[in-house]
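Look at the structure first, then read the points below.

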Amino acid sequence: MAVREGALASRQFRAEKPKELAMLPVPQLVDALLQQALQERASDIHIEPATQGLRVRFRIDGMLREKELLPLEMQAAVLSRIKLLSALDIAEKRLPQDGRWRVQKENQDVDVRVSTLPVQGGEKAVLRILPFRGMRQNIETLGFSKDALQRYRLLYQKPQGIILICGPTGSGKTTTLYATLAELNRPESNLVSIEDPVELQLAGMNQVQVNAKAGLTFATALRAILRQDPNIIMVGEIRDAETADAAVRAAMTGHLVFSTLHTNDAAGAVARLLDLGVPPFLVATSLLGVVAQRLVRLVCQECRQSYRPAEHTAEEMLLKDVPEGKRSFVKGCGCAACGQTGYRGRQAIYEVMPVTSRLRQLIQEKAAAYEIAAAAREEGMHTMSEDGVAKAAAGLTSLSEVVRVAAGMA
């Protein structure tokens, strides 16, 4: 795989949005697409060849939406412009490439991460749009229930141990980590992170960018950081046995460590660490707790309407513990404000699993994930599904969205 990362040349957007993109010169067309994506809160732009033309889709609130269909003959020029901006090899069309560039809109730097891929009919480009600084989230606005946030704060107020944030790609794990570290960022603490890539700059925190080609992996960077007198360490992701072992041992030597794992639920994180070869006694003694999360779309406030879920449906099955008199929920019927989707914005649903003495015993016994989950629920943990139902009952999201995102998490 050819990978080149370009210089972050800062460019200013044009303010106007053209009525007919295909009539614009290609440089202005690419600028206009980025401008439109920012205005519509898109996280990604997909540009791909199709039989009808060059298809442009935006990912908004986690879902792809069709936006433009450009003439197919514009493919080479559009891809070349994107490669030029991100300092990629314009002539290379047979191998994937990764690059980036930075633009500026209303005094806000925005990082554009580019990935190209050879596909049938030409090349596809995906542009991920990330605010580079100044977008710090408050942890109280992320979606934690009062009880879950209290449980989570009790975990990271401890001086040492490891806390894991779990979920699939695009579930908001990094946002939760940044909000947590922003709350812990004090002059008397030395915060260091290892990331791939560094998505947001936090003032007062030393952030290390992984560079695998130069030999700077998560594991090697973590070992070096331990000689930097850290108090709090954030490891962007535990991907392999070496990183897992280094992170756990860092937690054992008096540091508070945060990291992420790709698991379906909180209990699954324990099984994942054991699968990576971390001894059960080290997991049991170092793991403070696990937070699992997903993102649900919020019902549009402009077109919301009340409804009751039909009997014998997946939605109704979520309500086994909800009294009959409290089974009124909301959904969006679609309007111009939400792009006819019925949703606008997203919020996280969580489950927070502190590792108690009972759970430590189960971990040392190599208990199955379902046994650990059952014990955690007996000790007061609410699952993501239950948190989603509570948010639906509060009128924030719909039951169908909870089914889509958290089915099987009960």
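Helix 12 (residues 384-393) packs against helix 13 (residues 399-406) at an angle of about 165°, and their axes are 9 Å apart. The angle therefore makes helix 12 roughly antiparallel to helix 13 (angles over 145 degrees count as roughly antiparallel, 65 to 115 as roughly perpendicular). This is a predicted model: local features need pLDDT of at least 70, side-chain atom pairs count only at pLDDT 80 or more, and totals for chains, interfaces and linings use all residues. Residues are numbered from 1 along each chain as its sequence is written, and side-chain values use heavy atoms, without hydrogens and water.

**Helices 12 and 13**
- S385, G388, V389 and A392 of helix 12 make the contact with L399, V402 and A406 of helix 13 (contact means heavy atoms within 4.5 Å).
- These residues divide into 5 nonpolar, 2 polar and no charged (Ala, Val, Leu, Ile, Met, Phe, Trp, Tyr, Cys and Pro count as nonpolar, Asp, Glu, Lys and Arg as charged, the others, Gly among them, as polar).

**Helices 1 and 2**
- Helix 1 (residues 26-39) and helix 2 (residues 75-85) pack at about 75°, with axes 9 Å apart.
- That angle makes helix 1 roughly perpendicular to helix 2.
- V26, P27, L29 and V30 in helix 1 meet A77, V78, R81, I82 and L85 in helix 2.

**Helix 10**
- L359, L362 and I363 are buried in helix 10 (residues 357-364) (buried means under 20% relative accessible area, with a 1.4 Å probe and protein chains only).
- They cover an arc of only 100° around the axis, so they lie on the same side of helix 10.
- Their cover includes helix 7, helix 8, strand 16 and helix 11.

Conventions
Axes fitted to C-alpha atoms, helices over the stretch in contact; angles between N-to-C directions. Helix = DSSP H or I, 4+ residues; strand = E, 2+ residues; numbered from the N terminus. Parallel < 35°, antiparallel > 145°, perpendicular 65-115°, else oblique. Buried < 20%, exposed > 50% of the residue type's maximum accessible area, 1.4 Å probe, protein only. Arc of directions from axis to C-beta.
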